[in-house]
Amino acid sequence: MMAVAAAQKNREMFAIKKSYSIENGYPARRRSLVDDARFETLVVKQTKQCVLEEARQRSNDVPSDNVEAVEERVPGAEPEVVPSTQEVQDYQAAAESQEEQVPAVEVEDIEEPELTSDPSDNHEVPQDADLTEEEMILANAASESKEAEQTIQKAALVLKMREGIGSLARILKTIENFKGTVTHLETRNSKQEGMQFDILVRVDMSRQNLLLLIRSLRQSSSLAGVTLLADNSVSIKDPWFPRHASDLDNCNHLMTKYEPELDMNHPGFADKTYRERRKKIAEIAFSYKYGDPIPRIEYSPEETSTWTAVFNMVLDLMPKHACMEYRKVFKMLQDDGIFKPDRIPQLEEMSAFMKKHTGFTLRPAAGLLTARDFLASLAFRVFQSTQYVRHTSSPYHTPEPDCIHEMLGHMPLLADPSFAQFSQEIGLASLGASDAEIEKLSTVYWFTVEFGLCKEAGQVKAYGAGLLSSYGELLHAISDKPEHRPFEPAKTAVQPYQDQEYQPIYYVAESFEDAKDKFRRWVSSGMSRPFEVRYNPHTQRVEVLDTIERLENMMSQLNLEILHLNNAYNKLKNTTLA
Ligand SMILES: [Fe+2]
């Protein structure tokens, strides 16, 4: 749990702290998940660099007496020694407060390896500036408080040993002197020339001592390399990702807090009343927690009239241009009294409708979320939906998603089982993905969920929410002006997209099933993530399939499903034959 908390903390550390506004370099163009993902990559990179620089600085601020105590012994002029417990204690900033003495190791008792005569053959003494990212993160975590410094960290070290296995005893003694507990030890013959062994040693020890241990080991001439690895359950560096639907309470990083206030091109920029309204609605999303019912919004007659205008436009276009799945659910929503021309649906009633059909639910979002957070929620069959209405001055265009776009564009298809599954697959693929992969997934999302076309009885129909809720772009997309290409995730994911005008290229899926198959194949062959995840709808938890026990659980569930399938097939066959 500690490791999970540490990983989450690291994510917070690297999370967006920069507003996605014009003055921060965010382009004042149509907002999209793709641009946002790119901007996020850039900001995360800058923030990360900044955090690491600060940690590096702090690391260099370690009291010089302590550093010298070790560095004096480094350069090969003196025999290598194991720092005794007393030295370790001197080495620690809190040495004076530690009364308990660990028996000191007599230097004379340790058989020292012969030193090379040429000092240049000695190992390199790492300077603080050479500390790895893992060490910087660790140093940063330790520097937060005295308590954080003494927090026990699980860690794994890989040591490259020049000497024989004999020097292992000395290393273990050093770990002991730093009050570390060895929980696992593995050796293997080194594949590297000039090295004898590689050792993997897992230790539990305070963060402060772990950093000191690493420095101390690096000064040993018998070691050619010391690498800090992460704890094997959760990496201290890997991106945190939500494991349970309730973790989505932490996945609401916004692109901008109040877009109309920041963007002069926003239709509501000069309208104080509109900006106040947006703030009020945004508060609902900011205070929303997992399991809460979504508060109602009393939409004004002005907001409702904007809805009516767009709703009637969709009613006009839908029969001819929307895909069959969209038309089917749209009718169901009309039959249930949720889609009406004179009333904006509430998020809560729409959420209940979708839950009944595909298990998708809604969470209120204050605006455009970061691509990583938005995609992550899809993994849990949760769609983060805005609740505000676009500015009344431009009913047919909005530079950002609003609840009219969400309701008329996204909701009908999220209530279709096949499309819901496709959306969830994108979400699952995003968990633990690199920033570059998030950009690719956002691009796939853009060209499918937002602007996708599909084939239907020899004709091209729209299924993308951006098309189905935008009259102009829909007519452009199905005309002969743009190029229509078959959906191929590997190509689609790197296709530059147009955000100033309508797209010059649209991707056409054979069917949702076909799109899902292709997407799955691409994800399993093209993503760097070294693990597989699966969503458990009973617990609303994402399981990382990395243990035999979890695989056995999955196999037993699949066996049960196969049994039901087999029974159903036999019963149906017997009935048909009878
Ligand atoms: Fe959208």
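Tutor: Start with one definition. Buried means under 20% relative accessible area, exposed means over 50%, and partly exposed lies in between. One caution too: this model is predicted.

Student: Which residues of H15 are buried?

Tutor: Cys403, Ile404, His405, Glu406, Met407, Leu408, Gly409, His410, Met411, Pro412, Leu413 and Leu414.

Student: What makes helix H15 mostly covered?

Tutor: Count its residues. Helix H15 spans residues 403–414, and twelve of its twelve residues are buried. Across the protein, buried residues make up 52% of the 578 residues.

Student: Why is His405 called buried?

Tutor: Its relative accessible area is 9%. The cut-off is under 20%, so a residue at that value counts as buried. His410 has 3%, so His410 is buried by the same test. Both His405 and His410 sit in helix H15.

Student: Which residues does His405 touch?

Tutor: Leave out residues up to four places away in sequence. Then His405 touches Arg390, His410, Glu450, Ala465, Gly466 and Ser469. With neighbours within four places set aside, His410 is in contact with Phe383, His405, Tyr445, Val449, Glu450 and Ala465.

Student: Which residues touch the most other members of the largest nonpolar core?

Tutor: Tyr326 and Leu408, in a core of 85 residues. Tyr326 touches Val314, Met318, Leu408, Gly409, Pro412, Leu413 and Leu468, with residues up to four places away in sequence not counted. A second, separate core has 25 residues, including Phe178, Val201, Leu211 and Leu228.

Student: What makes the phi of Lys179 stand out?

Tutor: Most residues other than glycine have a negative phi. Phi of Lys179 is near 60°, a positive value in a residue other than glycine. Lys179 lies in the loop between helix H7 (168–177) and strand E2 (181–189).

Student: Is Lys179 buried or exposed, or something in between?

Tutor: Its relative accessible area is 36%. That value lies between 20% and 50%, so Lys179 is partly exposed.

Student: What is the phi of Arg381?

Tutor: About 55°, which is positive although Arg381 is not a glycine. Arg381 is found in the loop between helix H14 (371–378) and strand E6 (382–386). Its relative accessible area is 14%, so Arg381 is buried under the 20% cut-off.

Student: Which residues lie nearest the centre of the second largest pocket?

Tutor: Phe380, Arg381, Val382, Gln424 and Tyr535, out of 38 lining residues. The pocket holds about 870 Å³ of space.

Student: Which helix gives the most to its lining?

Tutor: H16, with five residues. Other elements that give two or more residues include helix H13 (347–357), strand E5 (361–365) and helix H21 (512–526).

Student: How do you know that Glu425 is buried?

Tutor: Glu425 has 15% relative accessibility, which is under 20%, so it counts as buried. Glu425 is placed in helix H16. Leaving aside neighbours within four places in sequence, Glu425 is in contact with Phe519 and Arg520.

Student: What does UniProt say about residues 541–575?

Tutor: An unreviewed entry annotates them as "coiled-coil region". In the model, residues 541–575 are 80% helix and 11% strand, and the end C-alpha atoms are 39 Å apart.

Student: How many helices and strands does the protein have?

Tutor: The protein has 22 helices and twelve strands. Among contacts with a separation of 6 or more, 70% come from residues 24 or more positions apart.

Terms used: Residues are numbered from 1 along each chain as its sequence is written. This is a predicted model: local features need pLDDT of at least 70, side-chain atom pairs count only at pLDDT 80 or more; totals for chains, interfaces and linings use all residues. Side-chain values use heavy atoms; hydrogens and water are left out. Buried means under 20% relative accessible area, exposed over 50%, partly exposed in between (1.4 Å probe, protein chains only). UniProt positions are given in the numbering used here, feature names are shortened, and annotations may be inferred rather than shown by experiment. Helices (H or I, at least four residues) and strands (E, at least two) are DSSP runs, numbered from the N terminus. A nonpolar core is a set of buried Ala, Val, Leu, Ile, Met, Phe, Trp, Tyr and Cys residues joined through side-chain atoms within 4.5 Å. Contact means heavy atoms within 4.5 Å. On a 1 Å grid over the protein atoms alone, a cavity is a set of points where a 1.4 Å probe fits but cannot get out, and a pocket is an open set with protein on both sides within 12 Å along at least five of seven lines; lining residues have an atom within 4 Å of a point. Grid points are joined across faces, edges and corners, and a volume is the space filled by probe spheres set on the points.
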